[in-house]
Amino acid sequence: ADYRAVANNPSLRRAVVAFELGLRTEAAKEWNYAVALHEPGGMPDGQLLAAAEWACKLSIWDRCINTAARMRQRADSHLLYPMPFQQAVIKKSKDRALDPAVVFGLVRQESRFVTDARSGVGASGLMQIMPATAKWTAKKIGLKGFSTRQLNDQTVNLALGTSYLKLLLDDFEASLPMAAAAYNAGPNRPRRWRGTDPDSPTLEAAIWIENIPFSETRGYVQHVLANTVNYAARITNNPQSIAQHL
């Protein structure tokens, strides 16, 4: 009954057509109205589950994640933490000696796996790379003939994003919290937050995160770490803890 109700929901049907036509903003509004606003309190869990699974089947990954996250009971991890472009992500991760769980965790936070995502400040693609950062990274890794028009190309975006993340991890001695903070706020700020006074006490990573002065960056780092833990659990099929990834 829940699946029938979702399949026959006029707002969701309009949203799907709009997504197919590339009208993402209008489509997202229709979808959100259906799941959150049409009924007081939003859709019941059964219909949210059906809608999330439908979105995943259609590769509308952001609606899949966001709809599953609205459920009162926790949704299955394959809906909350899907792994689209799995072969490409794992290959690029291995090429850069990165943990694929970290890359999946960062992409989920940055773009919800929307390949043509673009932020208000101009970051583009799966890994939400700024044009200046993309040019710098392309030069650093010797990527010939790069143009910022390629940033929405999945392969190019993953190549640049994973390369930049690897450079940050190397710069910050493999500290994922500091590298994630640098990815979000630029590398200079985490260096300042780390401090250069040799007499300053060394903070544990978890305490350092809580002391990030920018609330946006602090929340970003927390989400990337949480995503990484959940993706690592999916990939390894073993329980994980945040401490393993600090």
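**Notebook: A174 and the chain around it**

I began at A174, which sits in the loop between α10 (154-171) and α11 (176-185). I noted that this is a predicted model.

I then looked up a distance from A174 to a residue elsewhere in the chain. The C-alpha atoms of A174 and L246 are 9.0 Å apart, while 72 residues separate the two along the chain.

I turned to the chain as a whole. I found 14 helices and 0 strands. Read from the N terminus, the elements are α at every place in the order, α-α-α-α-α-α-α-α-α-α-α-α-α-α.

I looked up the extent. The C-alpha trace spans about 65 × 45 × 30 Å along its principal axes. For 246 residues a compact globule would have a radius of gyration near 18 Å, and the chain has 19 Å, so the two agree.

I looked up burial and contacts. Of the 246 residues, 45% count as buried. Taking contacts between residues at least 6 apart in sequence, I found that 53% join residues at least 24 apart.

I finished with surface and charge. The chain exposes about 13,000 Å², and 50% of this comes from carbon and sulfur atoms. How far apart are the mean positions of the positive and negative charges? For the 29 positive and 22 negative charges, I have 6 Å between the mean positions.

Notes:
Residues are numbered from 1 along each chain as its sequence is written. This is a predicted model: local features need pLDDT of at least 70, side-chain atom pairs count only at pLDDT 80 or more; totals for chains, interfaces and linings use all residues. Side-chain values use heavy atoms; hydrogens and water are left out. Helices (H or I, at least four residues) and strands (E, at least two) are DSSP runs, numbered from the N terminus. The radius of gyration is taken over C-alpha atoms; the globule rule is 2.2 Å times the number of residues to the power 0.38. Buried means under 20% relative accessible area, exposed over 50%, partly exposed in between (1.4 Å probe, protein chains only). Contact means heavy atoms within 4.5 Å. Accessible areas come from the Shrake-Rupley method with a 1.4 Å probe; for residues, only the protein chains shown count as cover. Lys and Arg count as positive and Asp and Glu as negative; His and the chain ends are not counted. The place of a charge is taken as NZ of Lys, CZ of Arg, CG of Asp or CD of Glu.
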